[in-house]
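Open the structure in your viewer and keep the selection panel at hand. Follow the stops in order.

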Amino acid sequence: MSEHVLQRPKRTLPLGLALLLAVGLIVAAGVHTTANASVQIVTSAIKGSDGKSYWVKNHLVKDSAKQLTTAAGTPKHHEYLLVWAGDQNVADTTGADIQRTPIAVNPIKTLNEDAVDDPPAADFLAVIDADKTSPTYGKVVNTATVGPLVENEPHHMQYVWHKGDKIFAGGLFSSATYVFDVSKLPQLSLSGIALPQDTKCGSIPDAYWTLPDGTAYATYMGGPVVPGPCRYSDGSVRLGNGYGGSPGEIIRFDGAGKVLSEMPAASAASESPALCPNYPAIPGQATCANPHGIQARSDLKRLVTSDYAEPRNIVLDPVKPQDNLLFRQTVRIFDISNVNRPKLVSVSKMPDGPRTERNPGHNEPTGIMETTVTNLPAHKGAFAESMCGGVIYYTPDITASKPVWREVFDDTTASKVLNPNVIEGAGCDGGGWLQTTADDGYLYHAVIGRSPGSLSADDSGVPKMVYVLNIKKLLAAGTATTCSVDKITEVYKGGAEADCPTVASVLPVSDGSTGGPHWGAIDNFVKASNGTYAETKTVSRIAFSNYFVARTGVNGNHQVCMVNVNPKTQKLSIDQTFIDENEGTPCVNFNRTNWPHGKTGNAKPHSELFVVT
Amino acid sequence: MAALKAGSVRRGGGRLIATAATAAAVLLLIAAPASAHEHPGPAVSRGFPLLASVGLYLLVLLAGSLAGPALTRTALSSPARRRGVSALAVAYIGVTLAEAMRHEVATAAAAGVIVAVVVGLAALLTGEAREQAAAAVVLVGAQLPVIGTGAGTNHLLFSAVHLGAAAVWAGGLVHLVLVVTTAGRDAAVQTVRRFAPAAIGSGVILAATGLLLMVVHRVGLAVLTNTTYGHVLLLKTAGVALAVGCAIVMRRRARDRARTWHYFLRAEAIVLATVVGFAVVLTGLPTPARAATQLTAGLAHIRLGDEGATVALAGAGARGLLTYVASDVDAPDVRIINRIDGSQWRPGIGPVATSIALAGGVARLRVLWSGHRADLTVRAAPAPKPVDPLVADDAGRASYSLGVAVARWAGTRRGGTGCVTSPDANALGTAFGTSFLRLGIRSVDVYVDNTARSTDLATGVRSAGVAVHVHPTSIETLPAERSTAALVATGVVTARRLIVRFGAAAPGRGVYLAPWLTDSRVLGLTQKTALPLLAIGSALDLSSPAGERYRLALATVAARAIPSAAGLLGYLSVADPASTARAQFQLFAAAPIAFLPKVLASGHDHDSASAWFPNGSLTAITAAAPVVAGCINP
């Protein structure tokens, strides 16, 4: 054992170098860039009808872009998932959040907090590599930010993208419709924008349905921007109770976002004031016309929309018996023989189901959020679902003058698969995305779920889930379908009739957030051996997003997940290879610090589409 | 330099590394899934930054251990020491990685720390004490970007020196313990003597920087006695005093070669480890309350104990206008006393404009709450001249001043001409009228009070060609003959009363509000009434990014302050005055858009604190109309 006083060192670590390194790191750490230096920025701008400039700014990740484009800079054949997402902005914060914001922080403990969510940040269309064979699979290869409007609350796009289509995307709170050109992905450009002043007879855009000619229909759920009479493109006039009220309208846009027609969703005659309350009442023209979901069958010359709610007034108090009817119970069918003049031909009230809910707002036909049509020429039917009623309806013939709609499935049957001990029905379980497969064999549905204890202390809730139903027998029955969930036992066990849909698979979504899966998209493409893509009717995967609308209090975990689908059994399973590039776990997390467009923090992904080049 | 035998410490080296690596892995596992959940579990709650606290502990020990040989001028070429220091390094790297993954530390800063640790490990392998000491300095230096300047450069400077001094003391002590363990007590006496200057110096620096940090953070008696932070700080101070006592006794006994001196060494080490533990707890507690501080001219901030309630103040010019806002609805009983004239008042909800006495442009206030007291000095911000309709009354001027102060605090300045452009009431009326005609509204009831801006607005609407029926708001009942649209051009209180009175008999073509009614107390009524439309006219783009910046900054420093057009104008006057010259008039619909019934939203706090009004949006519904405007700050 010995002890040594220090001697002059024989070999010296380059102290100066080390200190220089430390200083360099300190400087580097202190620099906050607004956009990553490894991105290429390409801006596309147009003039809106108000004379202002509107733009989309691409932030292409250079490393990825190299792999996704040829040497000449043209896009390679590739598949992407495009996600329309909003910046988590100042208005999404709650009073509690603000109170937790430190004015003068102790940085040792709060560290990087002040670096994220710097306001305001732009909403954006995220371009994610969706080619399973690609080394950048699951990576965000471009974020195309829109401006100058902020707080758009990005909402829906069209349901399916077909080759050559533009993308139509709506802003719920800005009442703006953006049209994007995606022919040069991963880069995209702005083809047009429609502002509220361009769509005076409606407000609050919801969903879009594209037509082969490059145009698109849109549902504007809320009433005219100014209350009173509004004159539509065909010269007809409807009274409305103003922005966010009723009636909504159907708009047809061209590929540059120009309004080709505004057509009323409301009938000229008054609907039942008892069934269709409006606040304030519209004298002599009560209406439930608040169209949300929209799909069309051009071959049948029919357009189907589902009425959801008079959005401005839901906050009043929908629990009151008279106000639960602010959540609509109706589906509208339009004749689109003249594509520019959709003509309302039927308004169908969805039938009440066997559940007797103590809260009338939980009855089956409450809040018909989505609708989806069948696709094959032999089929003429359509489905609709109720967000607050928790069921699915079907009519076998949308060309009928008086379509017959029946309840064919209760979400309770699907939730039973995950929780056999479910003791409450699917009332207000937050059903959203509803989509038939191109071969009409299956029906996909996303359900936000209802938190346990929502209704009472013993409420087991409804799981957050995405499920798929086998609808082959139902469609095979043609117009002679007999399926009808009209007995209380069928709520839990499923429809008793032989042609009723059956559960093919249920994917539980683990998530502790206030929201759940609200939207999804079917991958309608298949890659050929030569690297090109073709549309397919066989579903091998879908994507879903876990976000609703933060400001309503129902948020979500902000993840976008890829789901593998067994083409034979339809069994759903999370794609474990579609991982977040930062966290390494399945699903792309939109809660992140850095984006290609900068350190803007969390984002809210509402809807998505598969797109190929 | 011959190696020393390490005995049991040597045998434990492998276990130490394994334990550290396991701990790091566990922390990584805890951290990794956290961001996948909106509400992480208690173990990783943001309420107590576990990783940062553990990291701080490891940092002090690691930096100190590296510097130990140089501090004590006693080399210890022991594999056990190398293993021990390596274990600390591995654990610290793991914790830093975990922090980076959880976005608790910037990636570049984390990279800097990790590189510094690697430099330290390399120095350790050389066995050269000075190189290891240099590496320790680098390691402490790498904390600078982690600490950052968010709490001011003084905080950065004093924290870094405090941290370094702590490392010197703790590291020297750890090394002493190692020497005693490996070289024996007799041999260690020499080391104690050599370490004495460094130990005394670090103690003095620790005490000095500790006191300076208390001054920087305004940690006064009230904080020490009334907050958890203060209590822990007192415990920590007591621990330091005890450690100093142990150190003095230990050194005296070591000098005298007393047989029991090493007991006091152990006691000092244990007490010091506890002190570092208190420091770790302090980092997890709410920021030490700055009892009262001026953030910028016209804006001050007061923390009211652990409750986190704040009061923001904005002074304005010779009038001595003051607006104050408590951030917490359930804030404790607060009284404010003007120390200049002794007047006192209680804060209310929302902006309150009060004329207060100033002395040389400075307000001297005393805030009392729940038996506590904080004195506050606020230099008044420049006051706008009341030529603009938005700042024609006290509330408007106070809001404007608050906007100016908030912009200065936020440090957002884009320069420009300095001319703040805003239309007068007549020009606004003309723009209103033009917009009405575009919407097909040819007749409007204008509700006025007895102010010039109100009647000027009505005159402007008429000049655009709209039939105007002027109604004084002194009337108790609505006029029998009414137009289909109404323009409310009164103050906030009257406007609220009018809108409620409209009720079911609301004008069928909507209720329109004068720009100075951009106020959530008015806009929010649309949630409670079944109005066909409530729309605000404004020459400021209320849906612009600048508007969002203003609302967030305002909500951050004054959470209960109500955003207003006057406030936005004040904000822009600092942040981007040139933008006001580009402003055009638009109507914005106020719509509380919701999509879910309460059962789905139940249990969730979704009252947005920083929207123009709770859970609502302002959306432009008309194309921009030109409006004549001039400088309001010539």
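**Stop 1: a loop residue in chain A**

Select A:Asp352, which sits in the loop that runs between β19 and β20 (368–373) of chain A. Bear in mind that the model is predicted.

Is A:Asp352 buried, exposed or partly exposed? Its relative accessibility is 47%, so A:Asp352 counts as partly exposed.

Setting aside residues up to four places away in sequence, A:Asp352 touches A:Asn363, A:Glu364 and A:Pro365.

A:Glu407 and A:Asp352 are 55 residues apart along the chain. Draw a distance between their C-alpha atoms: the separation is 8.3 Å.

**Stop 2: a four-stranded sheet**

Stay in chain A and step back to β19. This strand belongs to an open sheet of four strands. Colour the strands in sheet order: β16, β17, β18, β19. Their pairing is antiparallel.

Which strands stand at the edges? They are β16 (291–297) and β19 (343–349) of chain A. Each has a single partner strand, so one side of each has no neighbour in the sheet. Neighbouring strands here are turned against each other by 20° on average, direction ignored.

Zoom in on one pair. Select β16(A) together with β17 (residues 302–307) of chain A. How many bridges join them? The two strands pair over six bridges, in the antiparallel sense. For one of the bridged residues, pick A:Arg297: its bridge partner is A:Arg302, in β17(A).

**Stop 3: the whole of chain A**

Zoom out and switch to a cartoon of chain A. Its secondary structure comes to seven helices and 35 strands. Chain A has 613 residues, and 65% of them count as buried.

The accessible surface of chain A comes to about 20100 Å². Carbon and sulfur atoms account for 55% of that area.

Take contacts between residues at least 6 apart in sequence: 64% of them join residues at least 24 apart.

**Stop 4: across to chain B**

Select B:Ser617, placed in strand β18 (residues 617–620) of chain B. Is this residue buried or exposed? B:Ser617 has a relative accessible area of 9%, so it is buried; the cut-off for buried is under 20%.

Finally, show its contacts, leaving out neighbours within four places in sequence. From chain A, B:Ser617 meets A:Phe173 and A:Arg551. From chain B, the contacts of B:Ser617 are B:Ala589, B:Ala590 and B:Ala591.

Conventions
Residues numbered from 1 in each chain as written. Chains lettered and ligands numbered in written order. Predicted model: local features only at pLDDT ≥ 70, side-chain atom pairs only at ≥ 80, totals over all residues. Heavy atoms only, no water. Pairing = 2+ DSSP bridges. Axes fitted to C-alpha atoms, helices over the stretch in contact; angles between N-to-C directions. Buried < 20%, exposed > 50% of the residue type's maximum accessible area, 1.4 Å probe, protein only. Contact = heavy atoms within 4.5 Å. Areas by Shrake-Rupley, 256 points an atom, 1.4 Å probe, with all protein chains shown as cover.
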